[in-house]
Structure formats: structure tokens, C-alpha cells
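Keep the picture at hand as you read.

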Amino acid sequence: MQTTQTQLLKFLITGSIATLTDFFVYTTAIPILSYNGAKALSFLIGISIAYLLNTFWTFERKRHSHKEGLRFAALYAGIITVNVSLNHVVLSVFSNQVLAAFVLATGVSMIINFTGQKWWVFKD
């Protein structure tokens with residue numbers, strides 16, 4: 001059994017990979033979609049990567065569990081609302097501060113995400 005510290009380190013590495021993907025898709029999609037549409041698309045792609053890596057590497061599940069999958073989906077349904085909403089609010093108050101909006105939305109989402117995955121989705 002891994003320690004919480006090991007899981008947190010793996011979560012941060014996984015999150016970095018997913019966040020870089022999120023940011024790349026977001027900035028690439030802005031000219032094509034609205035800010036909100038680009039953020040929603042990039043977030044969904046990022047969470048797909050995060051789910052796979054967190055399931056099989058961070059929390060070392062040997063196989064996919066439908067119960068965990070449903071919990072993960074429920075957690076992310078709440079997180080995407082927080083993420084896109086915070087991104088929108090920051091851009092509404094500070095127009096064209098795309099990086100600041102992204103960082104704040106991602107940071108808050110990350111805190112909710114780790115605690116939700118550690119103690120609810122993948123609880124032992």
C-alpha cells in the first residue's frame with residue numbers, strides 16, 4: 001500500500017501531464033471556439049488523461065471498477081462546473097488575462113480533485 005505522500009507525488013505528475021494537455025488544447029481551441037467552449041473541451045480531454053493515469057498508476061488499481069468510474073465522473077461533473085465558472089469570472093473581471101484565469105481555475109480544481117479521488121473515488 002502506498003503512502004499518501006507517494007500518491008500525492010504521482011497525482012502531481014499526472015496532473016502536470018493532464019494540465020499541460022489541457023492548456024495546449026485550450027490555447028489552440030480559443031481561435032475556433034469561445035473561451036468557455038475551449039475551456040470545456042480542453043478540460044474534458046485533460047480529465048480523460050488524468051482518469052487513466054490516476055486509475056492505473058497513482059492509485060494502482062489493477063482493473064477498472066464501474067463504481068470508481070461513476071464516482072470519478074460525478075466528481076468531475078462538479079469540478080468542471082467550478083473550473084469553467086472560475087475561468088469565466090476571472091476573464092469577466094480581468095479581460096484577456098487568460099493565463100491567470102487558467103491558473104486559478106486549475107489550482108482550485110486540483111485541490112478538490114485530489115481530496116475527492118483520495119477519499120472518495122479510490123478510497124481503500
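A word on what you're looking at. This is a predicted model, where local features need pLDDT of at least 70, side-chain atom pairs count only at pLDDT 80 or more, and totals for chains, interfaces and linings use all residues. Residues are numbered from 1 along each chain as its sequence is written, and side-chain values use heavy atoms, with hydrogens and water left out.

Start with the overall layout. The chain has 4 helices and 0 strands, so starting from the N terminus you read α-α-α-α (helices, H or I, of at least four residues and strands, E, of at least two are DSSP runs, numbered from the N terminus). Along the principal axes, the C-alpha atoms fill a box of roughly 45 × 25 × 20 Å. The radius of gyration is 15 Å, which agrees with the value near 14 Å that a compact globule of 124 residues would have; it is taken over C-alpha atoms, and the globule rule is 2.2 Å times the number of residues to the power 0.38.

Now look inside. Of the 124 residues, 40% count as buried, meaning under 20% relative accessible area, with exposed being over 50% and partly exposed in between (1.4 Å probe, protein chains only). In soluble globular proteins, nonpolar side chains tend to be buried together. Here the largest nonpolar core has 16 residues, and Phe43, Phe72, Tyr76, Ile79, Val121 and Phe122 touch the most other members. (Such a core is a set of buried Ala, Val, Leu, Ile, Met, Phe, Trp, Tyr and Cys residues joined through side-chain atoms within 4.5 Å.) The helices α1 (4–29), α2 (35–58), α3 (66–93) and α4 (98–121) each give two or more residues to this core, and the largest share, 6 residues, comes from α3. Apart from this core lies another, of 8 residues, including Ala29, Ala38, Val90 and Ala101.

Which residues does Ile79 touch, not counting those up to four places away in sequence? Ile79 touches Phe43, Ser109, Ile112 and Asn113, where contact means heavy atoms within 4.5 Å. Leaving aside neighbours within four places in sequence, Leu75 is in contact with Ile112, Asn113, Gly116, Gln117, Trp120 and Val121. Leu75 and Asn113 are 38 residues apart along the chain, yet their C-alpha atoms are separated by 7.4 Å. For the chain as a whole, 70% of contacts between residues at least 6 apart in sequence join residues at least 24 apart.

Move on to α4. Its buried residues include Val98, Ala105, Ser109, Gly116 and Lys118, and what covers the buried residues of α4 includes α1, α2 and α3.

Finally, the loops. Most residues other than glycine have a negative phi. Glu60, in the loop between α2 and α3, has a positive phi of about 50°, and at 37% relative accessibility it counts as partly exposed. Asn96, in the loop between α3 and α4, has a positive phi near 65°; at 59% relative accessibility, Asn96 counts as exposed.
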